[in-house]
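Visitor: I have the sequence and the model open. Please take me through it in short steps.

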Amino acid sequence: METISSIAKRLNVTNGRIYQIIKEIPADKQPKKDAKGKYNFTKESVEAIESYYNSLSSPKTDNESDLVKQLRADLEDAKAEIKAKNNQIDKFQQLLDQQQRLNLSTNRQNEKLLDATTNNTPSQDDRPLQNDHTDVLKPTESNSKGEETKTLKKGLFGWLRR
């Protein structure tokens, strides 16, 4: 005697799917219910369920194989793209490491220069002037248009003012 569960296991589907198939097959091949509401399967009804299921699954197999091929191709494309992105990330990481090393080296050099200048007595060039007009020139005969021209200040951080 067949049951819903045994047919579902054999077809590798759920019990609910078997109930759906029973509703879809012709009424003359459907299994009959007993007084308790359970299905009584005959050989003919089991064959009708199996043939209906096989007719549904066989066309899908061709479509599924095309779908699987497409999904595999998409997966390979995605893997290649991820590999390229990982290479880019590695290159950016190397550049970032190099930049950090350069910044550290520059900071150390600046600290050494700062220590060297603070340990020395300030020279005339290092002392700030009270009336320091070296940044902007006043209009003169050679500069009669009144344009401002900047000259470089001397000192430790003079290169920052450029």
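Visitor: Does Glu50 count as buried, partly exposed or exposed, and at what relative accessibility?

Guide: Buried means under 20% relative accessible area, exposed over 50%, and partly exposed lies in between (1.4 Å probe, protein chains only). Glu50 counts as partly exposed, because its relative accessibility is 21%.

Visitor: What kind of model is this?

Guide: Residues are numbered from 1 along each chain as its sequence is written, and side-chain values use heavy atoms, with hydrogens and water left out. Local features need pLDDT of at least 70, side-chain atom pairs count only at pLDDT 80 or more, and totals for chains, interfaces and linings use all residues; the model is predicted.

Visitor: In what order do the elements of the chain run from the N terminus?

Guide: Helices (H or I, at least four residues) and strands (E, at least two) are DSSP runs, numbered from the N terminus. The chain has three helices and two strands. From the N terminus, their order is α-α-β-β-α.

Visitor: What share of the 162 residues counts as buried?

Guide: The chain has 162 residues. The buried share is 12%.

Visitor: Which residue meets Glu50 in a salt bridge?

Guide: Side chains of opposite charge can pair when their charged atoms come close. A salt bridge is a side-chain nitrogen of Lys or Arg within 4 Å of a carboxyl oxygen of Asp or Glu. Here the N to O distance is 2.8 Å, and the partner of Glu50 is Arg10.

Visitor: How many residues apart in sequence are the parts that Glu50 and Arg10 tie together?

Guide: Arg10 lies in helix H1 (residues 4-11), and Glu50 lies in helix H3. So the pair ties together parts whose separation in sequence is 40 residues.

Visitor: Which residues do the salt bridges join into one network?

Guide: The structure holds two salt bridges. Besides the bridge to Glu50, Arg10 forms one with Glu2, with the closest N and O atoms 3.4 Å apart. Arg10 is partly exposed at 43% relative accessibility, and Glu2 is partly exposed at 25%. Shared partners make one network of Glu2, Arg10 and Glu50.

Visitor: At what angle do the ring planes of Tyr19 and Tyr39 lie?

Guide: Rings of Phe, Tyr and Trp (its six-membered ring) pair if their centres lie within 6.5 Å; planes under 30 degrees apart count as stacked, over 60 as edge-to-face and the rest as tilted. By this rule there are two aromatic pairs. The centres of Tyr19 and Tyr39 are 6.0 Å apart, and the pair is tilted because the planes lie at 45°.

Visitor: Which strand holds Tyr39?

Guide: Tyr19 lies in helix H2 (residues 15-24). The pair ties together parts 20 residues apart in sequence, because Tyr39 lies in strand S2 (residues 39-40).

Visitor: Which residues do ring pairs link into a cluster?

Guide: Tyr39 also forms a tilted pair with Phe41, 5.9 Å centre to centre and 35° between the planes. Tyr39 and Phe41 are both buried, whereas Tyr19 is partly exposed at 40% relative accessibility. The cluster consists of Tyr19, Tyr39 and Phe41.

Visitor: Near what value is phi of Asn12?

Guide: Asn12 sits in the loop between H1 and H2. With a relative accessible area of 70%, Asn12 is exposed. Its phi is positive, in a residue other than glycine, and lies near 60°.

Visitor: Is Ser45 buried or exposed?

Guide: Ser45 belongs to helix H3. Its C-alpha is 5.1 Å from that of Lys29, 16 residues apart in sequence. The relative accessible area of Ser45 is 1%, so Ser45 is buried.

Visitor: How far apart in space are Lys43 and Pro31?

Guide: Lys43 lies in helix H3 and is exposed, with a relative accessible area of 67%. Lys43 and Pro31 are twelve residues apart in sequence. C-alpha to C-alpha, their distance in space is 9.5 Å.
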